[in-house]
Amino acid sequence: MSEKDNLHIADGNENIKDEAITSEKTVAETQDSNSEENTSNETTETSISSDNKDDNPEDATPEISEDKEVAHTTSEESSGTEDETAPPSIEAATTPKKDAFVNEIEESNAEDAEDESNVERHNLEEKDYSVMSMEQLSDEFENLLKTKKVQTIKTHAEEIKTEFNSKFSEILDEMKEEFLSEGGNEIDFFYSSPLKKHFNSLYKDYKTNLNAYYKTLETNLKTNLDNRLRIIEDIKGLINVEENINTTYKHFKDLQEEWRTAGPIPRDKYNNAWNTYHHHVEIFYDFLHLNRDLRDMDFKHNLDQKLKIIARAEELAKDENSNRAFRELQVLHKMWKEDLGPVDKEHREAIWERFSNATKTIHEKRQAYYLDVDKAHEANLDKKQAIITKIEEVAQDDSSSHQAWQNKIKVIEGLRVDFFNAGKVPIKVNEATWAKFKAAVRVFNKKKNSFYKNLKKDQYTNLQKKLDLIKIAEDNKDNDDFATVSPLMKKIQNDWKHIGHVPRKDSDKIWKRFKAACNHYFDKVNAERNAADKEQVEAFENKTKLLDSLKDLQLSGNPEQDLETIKQKTEEWGALGQVPQSKRFIEGKFNKTLDGLFNSLKLDKSEVEMIKFENKLEHLAQPDDTRLLDNEHHFIRKKIDEVRGELNQLENNLQFFSNIDESNPLVKDVLKNIENHKENLAVWEEKFKKLKELY
């Protein structure tokens, strides 16, 4: 309620002149006057502030309160005479015109006046909720509900709710885009989270408790208002009571004390009630000019206290903490308005001017502080706009790989964090900035979802390819043809690695199937190999014994008989079987021993070479591994080519000799070399022939 609203009956505006014309009016006349007032109020509601035209300096309460220390002059005083028997006229009583910054403080004090605990809201720590995560906002809200009175946290609660819902709406938009991109219908979309449900529960508790508080408060405030209006009427009636002035004054002081303890009233009635109260208190004090001692005693007390208030306000005007100074200034204005009455007219203008100047200084410093805050918010706005631009740039990048999109998602997530940590922006552009941010993120999410939608098509193709490999693995997992199946199983394992991603929901499931089939097969292979390993260890032990016996072998000196003995030992060696991979060095020792035995025989070199090669082939031949034979095949093939090349070169060189004389030492050497190469070539070709028989 504004100051131009009425307090019916309590205003006393319609017939206020009738009340103050003279103290000689009878009670009956006063009742008639009040009757007229009531009738007038039923038809026209006019407040004190609207009736009175002239401003009193002290009435022009700076910033916060409205002490109506109104100067009252009778018609006699206006003409230069004073009537000692009649109270002064109040035609000059006014409600002052206030500066623009007064309403803020008055409204704040009016709100605090409803409940003394309301003042605690000024002491709550101000926090930048825009930089908090949803979890932090929920925890902060829950802490406020547990530790603070519900009526004091309204501003904080609403700001937390706004920030929480903004952040949740962003997540909601992202989830909705993803849902729609996967082919869902918008009408079927629903998303919530445990955190959101918990926050909603907290807010519901907050509103329930707040409504219960206001319901109880409303009843008490109405009762208190009725009581205060009755006190005002009683003060008005003191002027017309015919009794000893000291007795009347005592009644007046009792009513003042009753007023002080009458309790809070609705904030929209607060200022008008106090204005009306002060107005009639001043009328009573003007009435007390019949007993100036009593009046002057109160004036002096009020003056002393108001000077102390002014002194403290002037100290606060020098305080650099403008918010702290402003909060205490509110208290001073409350004291000025509620605890103190008027002062003598000669001091009213001077003390009011001092108090008003101090108030104005504090107000201007506070405005300067908020100007700096506004500049900081403008700087934050620049940061957020730059972040939005970066998000738009990332969204325009047309990457075509999963890894590139994962990198962009990380970049966007970092920019989102930076946006929320950038701080508050000016209120006038807050919604527009938030909308622009959400729009930029939404564009990115649409492109991301479109990419992964197409990617999923490829993933389903990959899924089918891997299912085909699983079928091959499962069909062959019990196959005992290790020589054929082992290469196949290794190949499909390699193919699996190169197929690419499948839908996440199928990834683990199909991998477990494929792995189980492959493991089943290779476990069988390993079991067979382990059984073979036992035989190989036994073969190694037997070959070691045979090798030791060869060291003591005595040849007869008959080449043919000794050759047969060596062949028997070679066949016996081969019959013992394969040895473990780590023990194959024994084959080299055996071949070296054979070389020594062959060298002691006077046999054809080529024949000896082939016997040794056949023994070597038995060592190279492995049932499930052709790599050694492959290497030997490559080596012999290369040697044949080398020997043929050298032979061709020697034969070409021989053509340079004209009239060849075979007795020439040089020619004889070339011819012998050619013959050796032909014999060597024949041996290598025979080896190659033997090798091919093993494939």
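Rings of Phe, Tyr and Trp (its six-membered ring) count as a pair if their centres lie within 6.5 Å; planes under 30 degrees apart are stacked, over 60 edge-to-face, and the rest tilted. With that in hand, here are the close-ups.

**View 1. Ring pairs link five aromatic residues into a cluster.** The members are Phe-141, Phe-164, Phe-199, Tyr-203 and Tyr-206. This is a predicted model, where local features need pLDDT of at least 70, side-chain atom pairs count only at pLDDT 80 or more, and totals for chains, interfaces and linings use all residues. Residues are numbered from 1 along each chain as its sequence is written, and side-chain values use heavy atoms, with hydrogens and water left out. The structure holds 36 aromatic pairs. One of them joins Tyr-203 and Tyr-206 in a tilted arrangement, 5.6 Å centre to centre with 45 degrees between the planes. Both tyrosines sit in helix 8, three residues apart, about one turn of the helix. An α-helix has 3.6 residues a turn, so residues three or four places apart point the same way. Tyr-206 is buried at 0% relative accessible area, and Tyr-203 counts as buried at 13%; the cut-offs are under 20% for buried, over 50% for exposed and partly exposed in between (1.4 Å probe, protein chains only).

**View 2. The largest nonpolar core has 22 residues.** Such a core is a set of buried Ala, Val, Leu, Ile, Met, Phe, Trp, Tyr and Cys residues joined through side-chain atoms within 4.5 Å. Tyr-129, Leu-137, Phe-141, Ile-160, Phe-164 and Tyr-206 touch the most other members. Helix 6 (134-147), helix 7 (154-181) and helix 8 (194-238) are the elements giving two or more residues each, and helix 8 gives the most, with nine. Helices (H or I, at least four residues) and strands (E, at least two) are DSSP runs, numbered from the N terminus. Zoom in on Tyr-129 and, leaving aside neighbours within four places in sequence, you find contacts (heavy atoms within 4.5 Å) to Leu-137, Glu-140, Leu-144, His-156, Glu-159, Ile-160, Glu-163 and Lys-167. Apart from this core lies another, of 21 residues, among them Trp-259, Tyr-277, Val-281 and Phe-287.

**View 3. Tyr-277 sits in helix 10.** Its relative accessibility is 5%, so Tyr-277 counts as buried. Skipping neighbours within four places in sequence, Tyr-277 is in contact with Ile-232, Ile-235, Gln-256 and Trp-259. The C-alpha atoms of Tyr-277 and Leu-229 are separated by 8.7 Å, though the two residues are 48 apart along the chain.

**View 4. Helix 11 runs over residues 292-316.** At 1.5 Å a residue, its 25 residues should span 36 Å, and the end C-alpha atoms are 35 Å apart, which agrees; the expected span is 1.5 Å times one less than the number of residues. The buried residues in helix 11 include Leu-294, Phe-299, Leu-303, Ile-309, Ile-310 and Leu-316, and also Arg-295, Asp-298 and Lys-306. What do the buried residues of helix 11 pack against? Their partners are helix 9 (245-260), helix 10 (267-287), helix 12 (322-338) and helix 13 (345-396).

**View 5. Lys-543 is a buried lysine in helix 17 (residues 504-551).** Its relative accessible area is 3%. A polar atom of the Lys-543 side chain lies 2.9 Å from the backbone oxygen of Gly-577. Not counting residues up to four places away in sequence, Lys-543 touches Trp-573, Leu-576, Gly-577, Val-579, Ile-586 and Glu-587.

**View 6. Phe-635 and Trp-684 form an edge-to-face pair.** The rings are 5.8 Å centre to centre, with 75 degrees between the planes. Phe-635 lies in helix 21 (residues 627-654) and Trp-684 in helix 22 (residues 665-692), so the pair ties together parts that are 49 residues apart in sequence. Phe-635 is partly exposed at 38% relative accessible area, whereas Trp-684 counts as buried at 12%. Elsewhere, the charged end of Lys-408 sits over the ring of Trp-405, 3.5 Å from its centre.

How values were computed:
A polar contact is a pair of N or O atoms within 3.5 Å; within protein, one must be able to donate a hydrogen and the other to accept it, and residues adjacent in sequence count only if both atoms are side-chain atoms. A charge sits over a ring if NZ of Lys or CZ of Arg is within 6 Å of the ring centre and within 35 degrees of the ring normal.
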